[in-house]
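Keep the 3D view open as you read.

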Amino acid sequence: MARIKTIGILTSGGDAPGMNACIRAVTRTAIFNGMKVYGIYRGYEGLIKGEVEELTTESVSNTIQRGGTILRTARCKAFLTPEGRQEGYETLKRFGIDALIVVGGNGSLHGAQEFAAEHDIPIIGLPGTIDNDLYGTDFTIGYDTALNTIVECVDKIRDTATSHERIFFIEVMGRDAGFLAQNSAIASGAEAAIIPEDQTDVDQLAQFISHGIRKSKSSSIVLVSEARKNGVGGAMYYADRVRNEYPQYDVRVTILGHLQRGGRPSAFDRILASRMGYASIEALMEGQRNIMIGVSNDEIVYVPISRAVKKDKPIDKELISVLTVLST
Ligand code: F6P
């Protein structure tokens, strides 16, 4: 096995707080071990276009506390094609990059998997997404910060909801996953969460109305995952239904949107990103390839990228019971 001398790192898909801490950890660990590091800008788009610059220990100074990603990010359609991926490979060859670190969510690691299947390049994935939806890791980088941001917002909404005795439907991100909605509901003392993992024949709204609204409660807050299926889902959908079916209630909607993705990473995310970034270089030096670094029971684990992206990460059903019981 040839020794890896030069690595490339990119961030891809939706940005997540802690990505900079991750870039910093990868860069410094690689340099510490005698490697050269190239930053690839704008994710796979920059890989295709050759937007590459060397990273030094100094170029990642003063970044651990910053949200977003200093490497920028993008969602790249061209990389979905074999031709686009071939161009990306040409860039790696041109810069002498012999291993690639990809920080991103499900779509980005899916791209990494396809790339690795077509080209002989070791890839290590790092789970960077606020959605927490990658299989094989207890946490993804950015999830904790986003969760805390949501809870801070919900606490504020609670003040006005109580003053006006209103029902609020608050929509949060998570694409197809309910981790943000479920856990922010528990942490903010919300009355209910509507999440895709709990889609059964039972109407979640009717359930909430019968269990969640008590006369003694002066306000009700429902965290709603943004996930929609056949036009069903999202805060607007449920608010409209309440307005039509239960006109006695005063209903409002807040869609938190992209503010959930910004802000200074929490200490938890900084530490997670630092540990994972460090582990990615250790893994390369051990000869690992095409794995995602995860954390399980507070220990670093290696998960085949194919498994991380394919399997649906289940939500602990007990979390649903916790919220149901504590909100009664
Ligand atoms: O995957 C991260 C995420 O923030 C999802 O929660 C959300 O559905 C999506 O990205 C939004 O993407 P964009 O920033 O492209 O609108």
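Is Glu 118 buried, partly exposed or exposed? Glu 118 counts as partly exposed, at 38% relative accessibility. Keep in mind that this is a predicted model.

Glu 118 has a partner: its side chain meets that of Arg 85 in a salt bridge, at 2.7 Å from N to O. The pair links distant parts of the chain, with Arg 85 in helix H3 (residues 82–94) and Glu 118 in helix H4 (residues 106–118), 33 residues apart. Arg 85 counts as buried, at 4% relative accessibility, because the cut-off for buried is under 20%.

## Two other salt bridges

Arg 275 pairs up with Asp 298, and their closest N and O atoms are 2.9 Å apart. Arg 275 lies in helix H9, while Asp 298 is in the loop between strand S10 (291–296) and strand S11 (299–304), so this pair ties together parts 23 residues apart in sequence. Arg 275 is partly exposed at 30%, and Asp 298 is exposed at 58%.

Then there's Arg 42 with Glu 51, where the closest N and O atoms are 2.5 Å apart. Arg 42 is partly exposed, at 33%, and Glu 51 is partly exposed too, at 24%.

## A serine in a loop

Now find Ser 266, in the loop between strand S9 (251–255) and helix H9 (267–285). Ser 266 counts as buried, at 16% relative accessibility. Its side chain joins that of Asp 144 through a polar contact of 2.5 Å.

Methods
Residues are numbered from 1 along each chain as its sequence is written. This is a predicted model: local features need pLDDT of at least 70, side-chain atom pairs count only at pLDDT 80 or more; totals for chains, interfaces and linings use all residues. Side-chain values use heavy atoms; hydrogens and water are left out. Helices (H or I, at least four residues) and strands (E, at least two) are DSSP runs, numbered from the N terminus. Buried means under 20% relative accessible area, exposed over 50%, partly exposed in between (1.4 Å probe, protein chains only). A polar contact is a pair of N or O atoms within 3.5 Å; within protein, one must be able to donate a hydrogen and the other to accept it, and residues adjacent in sequence count only if both atoms are side-chain atoms. A salt bridge is a side-chain nitrogen of Lys or Arg within 4 Å of a carboxyl oxygen of Asp or Glu.
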